[in-house]
Structures are given as structure tokens and as C-alpha cells.
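Here is a protein model to explore together. Have a look at the picture first, and then we will walk through some of its parts.

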Amino acid sequence: PAGITGIAQICNSKDLTSKQRIELECLYSEVYLNGNVLKCDFYIILYTIRLIIFKKGISFSKSNLLLKSCLK
């Protein structure tokens, strides 16, 4: 279900293409099924706070690496 924040929101979601957004959401779904979802959600919350305070999101490549690190 939709929530307050997510992986696409901590990236500059306006800068993401539809393909990139779908790729991130699919990768997050894989983490949710097979990875460490608590670690992933913790990082998403931290980056959300950073985005709110500093108005700076993370790049697509960094968010992709973040999700992949939660699969290990």
C-alpha cells in the first residue's frame, strides 16, 4: 500500500523517467520479498529526513545501489 515516502520519493522523483521509477519499484518489491526490508526502510526514512531538511534527494544510481545492498 501507498505510504508517506518511498524509494522513488527520496530520489528527485521529478527527475526520474517512468522506466527508472518502475525499475526502482520492482527492485523494492524484490527486497520486500527476498531481502532485508527493515534495513531498506530504515535508509528510506533517513533519506526522507535528509530530503526534508536539506532539500536534496539521492540519485537514481545511488538508490539502485541502496536497494541492491538490501538484497545481500
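The paragraphs below go from the confidence of the model to one helix and then to a single residue.

Keep in mind that what you see is a predicted model. The mean pLDDT of the protein chain is 90, and 96% of its residues reach 70 or more. Among the elements of the chain, α4 has the highest confidence, at a mean of 94, while α1 has the lowest, at 88.

Now find helix α2, which runs over residues 18–34. Its 17 residues reach 24 Å from the first C-alpha to the last, close to the 24 Å expected at 1.5 Å a residue.

Which residues of α2 are buried? They are L24, L27, Y28 and V31. These four lie on the same side of α2, because they cover an arc of only 100° around the axis.

What do the buried residues of α2 pack against? Their partners are α1 (7–10), α3 (37–54) and α4 (60–69).

Finally, look for T48, which sits in helix α3. T48 counts as buried because its relative accessibility is 14%, and buried means under 20%. Leaving aside residues up to four places away in sequence, T48 touches T5 and I10.

Key. Residues numbered from 1 in each chain as written. Predicted model: local features only at pLDDT ≥ 70, side-chain atom pairs only at ≥ 80, totals over all residues. Heavy atoms only, no water. Helix = DSSP H or I, 4+ residues; strand = E, 2+ residues; numbered from the N terminus. Expected span 1.5 Å × (residues − 1). Buried < 20%, exposed > 50% of the residue type's maximum accessible area, 1.4 Å probe, protein only. Arc of directions from axis to C-beta. Contact = heavy atoms within 4.5 Å. pLDDT = per-residue confidence, 0-100.
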